[in-house]
Amino acid sequence: MDIIAFLIPAAVALGATGLAAFLWSLRANQYDDLQGAAHRILLNDDDLPPPTA
Amino acid sequence: MDATALKPGAETLAGGCPSGLSVVAEPASSVDPSAFVHTDDRGVDTLELLVQGARCASCIRKIEGGMLAIPGVRDARLNLSTGRLRVTWTSGSLHSRAIADAVSNAGYAATAFDPAESQKQIDGEGRRLLRALAVAAFASMNVMMFSVPVWTGDQDMGGSTRTMMHWWSAIVAVPSALYAGQPFFRSAFAVLRRGRANMDVPISLAVLLTLAMSLFETATGGHHAYFDGVCMLLFLLLIGRYLDHQLREKARTAARDLLAMQTTTAVRISEDGVARAVAAKALRAGDAIALAAGDRVPVDSVILDGVSEFDCAMLTGETLPVSMRVGDTVHAGAINLTRPLTLRVVSPVESSLVAQLARLIEIGEQGRARFVRIADKAVALYVPAVHSLAAATFLSWAFGPQLLRTLGVTGTAEIGLHGAVMNAVAVLIITCPCALGLAVPAVQVVATGRLFKRGVLVKSGDALERLAQVDTVVLDKTGTLTLGKPRLATNLDRDTLTAAAALARCSRHPLSRALVDAAGSGKPALMPHEVPGEGITGEIDAIPARLGRRAFAAPDAPESADNAAELWFAWGHAAPVRMSFVDELRPDARSVVDALRRRGLTVELLSGDRASAVEEAALETGVTAWKAQTRPADKVAHLETLRAAGRKVLMVGDGLNDAAALAAAHASASPGTAVDASQAVADIVFTGARLAPLVDAIDTARAAQKRVTENLAFSALYNIIAVPIAALGYVTPLIAALAMAGSSLVVTLNALRLQAMRPWT
């Protein structure tokens with residue numbers, strides 16, 4: 001049973017990593033335009049002319 | 001409308017959303033966005049525009065591509081969800097006007113945003129809720145890792161292992177619950193300070209008491225710790241809270257967009273003759289302003305110089321343009337159709353007709369604020385009930401056995417003060433309104449999502465509730481029951497039509513546009529000359545042609561009997577041709593009126609148009625109760641009469657003259673072609689040429705109301721069963737978790753049944 005001394009902290013740490021990743025994506029404005037993101041995947045990168053300046 | 005009609009020689013330019021999902025925008029107006037440009041200290045200019053009509057991937061490409069093609073633009077990003085376009089460029093490399101023009105030329109309407117307004121766009125509350133939701137989700141999943149072993153293996157598990165599991169649960173749950181519970185704690189604290197109570201008071205109390213009790217149990221090596229229950233409770237409640245917030249945010253955004261659009265500008269001519277763009281707010285009585293053709297009148301004014309025609313449909317409901325000359329008063333909101341004019345301001349923007357309408361709207365909305373949402377009614381019953389039940393549980397367990405002993409009854413169970421607190425907390429946590437918190441928002445989210453797919457935008461959750469209660473429908477005529485634009489009713493041979501359309505392409509007159517719509521794309525005529533209120537002359541294939549009133553184009557032709565809107569076209573020596581136009585009813589107007597009647601609704605027609613036109617529309621649709629030539633205040637008064645008679649009215653209208661009535665009605669709807677003010681006050685906005693979405697919306701609202709009632713009844717039933725079990729001390733953490741998750745699942749699944757509802761077609 002000694003193994004749970006490692007497994008429990010490891011499991012909680014993994015969960016916390018997932019939470020941290022979500023909070024980071026929220027902070028990085030990734031949920032501000034859900035509709036736009038769904039449509040942007042259809043665009044080719046070279047469809048847009050490169051910025052001129 | 002066809003964009004080619006507005007820009008002669010630019011036929012190849014495709015207007016608006018290529019998917020055809022949205023209406024092509026009005027022609028570019030002469031709004032100068034330079035007042036809204038923000039320059040930072042690194043010499044980068046930023047402009048935010050509100051773009052209307054962008055719906056799909058091609059829109060993103062058209063708009064962003066169009067921006068990046070302008071020399072000097074560094075970056076352009078369109079947020080499709082909110083319609084905000086953010087453009088940055090090197091300071092001084094271009095004029096901000098070029099950006100607004102590029103958006104307009106692509107066929108989208110663009111409005112510049114006040115930078116202070118756009119700062120408010122960031123939805124801080126929504127983010128806080130989402131963060132709390134994520135933390136609660138993390139905690140409720142990870143606590144299960146420790147709870148499931150305790151539930152399943154309690155008999156085989158030693159006391160020390162169980163306590164270790166409880167300690168691990170506490171490490172995860174306590175900080176998470178304290179963080180995720182903050183939205184509830186804050187709101188509970190705020191209302192308690194004002195001496196009242198809301199739903200968040202029992203929630204906060206349950207969370208804090210359960211945490212304290214579970215910590216005490218863990219520290220003393222006890223059997224039952226409710227860390228899992230607390231986390232799950234917060235998780236489920238936050239889902240309901242977040243859904244509810246999203247629905248309200250949608251309504252708030254619509255209102256803010258309207259505010260941004262009201263920041264109109266005007267061109268003021270100073271005494272030295274220099275024209276300068278100023279905000280409409282800055283205009284004073286006596287100022288001279290220039291008004292280009294196609295522009296909306298910013299404030300009530302008198303014509304100083306020039307003759308033109310005005311489209312007053314949005315103000316009065318009158319379909320045909322009104323001809324105005326020097327000395328006539330034009331009201332704010334009317335659109336100048338033919339000629340550039342010079343105007344003198346009569347009254348500043350605060351006392352313009354539009355502002356007066358805005359005040360009528362405000363008064364109407366105050367009336368609507370009295371509406372109590374069904375969820376709030378449930379909470380008003382729930383809060384005192386739960387508190388007294390928990391208190392009764394505690395008191396009976398703490399003092400009951402002693403009381404019975406003194407009365408001579410022996411053999412009662414004594415569980416002491418500790419047991420009494422445990423049972424009272426069990427009552428608090430098991431009655432916690434997970435199902436109640438989800439019951440209403442879950443249904444409303446499914447209902448609005450379903451309607452959105454069918455082209456109906458529902459602005460708020462309580463709009464659905466009000467819509468479900470409606471028993472009378474009052475329809476506006478122009479633009480609501482009808483399509484709001486004339487259509488060519490005469491059959492012409494192809495050559496005549498093509499020739500007449502060539503001339504019509506040089507005019508903004510609604511009848512000309514209808515003619516161009518009928519003819520499709522083609523070339524404009526050469527050397528056009530428009531005489532306001534009369535007609536237009538030009539050359540087609542080097543032969544002179546005239547298009548306009550009978551007196552202008554064909555003075556010798558006989559007067560026609562019907563009083564339909566007409567145009568006469570004379571080309572060379574051929575006999576002049578008469579073209580008549582009708583304001584066509586929406587294709588399904590009749591069947592929608594019938595469908596509304598079958599649902600037990602009374603249908604009325606209320607219009608600002610002439611009596612003859614209203615009567616005809618009423619006859620065609622089978623509406624018996626109609627009123628013509630009503631002013632905005634008359635419409636409101638009529639709705640008040642209906643309200644006084646105990647009727648719950650759904651007002652459907654599109655014009656500025658309907659906006660006040662829309663706000664005053666119990667529920668309101670606008671077509672997607674309506675003026676901004678009407679769309680902003682309306683509860684629902686429906687798109688497309690058909691009226692059918694209206695019936696769909698009422699059906700869905702009624703079905704949603706049924707689901708909500710079922711959900712609330714289920715929540716009540718659940719509590720009736722759960723409270724005795726908890727009060728008697730039979731609740732374990734496993735039962736609490738199952739009850740909470742189970743009841744929430746039931747109300748959510750019940751809400752999803754709406755999705756399967758068969759639509760009315």
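## Salt bridges, cores and the chain contact

B:Glu566 has 22% relative accessibility, so this residue counts as partly exposed (buried means under 20% relative accessible area, exposed over 50%, partly exposed in between, with a 1.4 Å probe and protein chains only). The structure is a predicted model, in which local features need pLDDT of at least 70, side-chain atom pairs count only at pLDDT 80 or more, and totals for chains, interfaces and linings use all residues. Residues are numbered from 1 along each chain as its sequence is written, chains are lettered from A in the order in which they are written, and side-chain values use heavy atoms, leaving out hydrogens and water.

B:Glu566 forms a salt bridge with B:Arg578 (a side-chain nitrogen of Lys or Arg within 4 Å of a carboxyl oxygen of Asp or Glu). The two partners sit in strands E21 and E22 of chain B, 12 residues apart (strands are DSSP runs of E with at least two residues, helices runs of H or I with at least four, numbered from the N terminus). B:Arg578, at 21% relative accessibility, is partly exposed too. Over all chains the count comes to 24 salt bridges, including these:

| Pair | Closest N to O |
|---|---|
| B:Arg578 and B:Glu566 | 2.5 Å |
| B:Asp634 and B:Arg631 | 3.5 Å |

B:Asp699 is buried, at 17% relative accessible area. By contrast, B:Arg631 is exposed at 54%, while B:Asp634 is partly exposed at 28%. B:Arg450, B:Arg454 and B:Asp696 join in a network of salt bridges.

Which residues touch the most other members of the largest nonpolar core? They are B:Leu475 and B:Leu650, in a core of 122 residues (buried Ala, Val, Leu, Ile, Met, Phe, Trp, Tyr and Cys joined through side-chain atoms within 4.5 Å). Helix H24 of chain B (residues 692-727) supplies the largest share, 14 residues. Another core, of 27 residues, lies apart from it and includes B:Phe36 and B:Tyr108.

Now to the two chains. Their contact (heavy atoms within 4.5 Å) takes 32 residues from chain B and 29 residues from chain A. About 2,600 Å² is buried between them, 69% of it from carbon and sulfur atoms (accessible area lost on being put together, 1.4 Å probe, summed over both parts).

Technical notes:
Buried area = accessible area lost by both parts, 1.4 Å probe.
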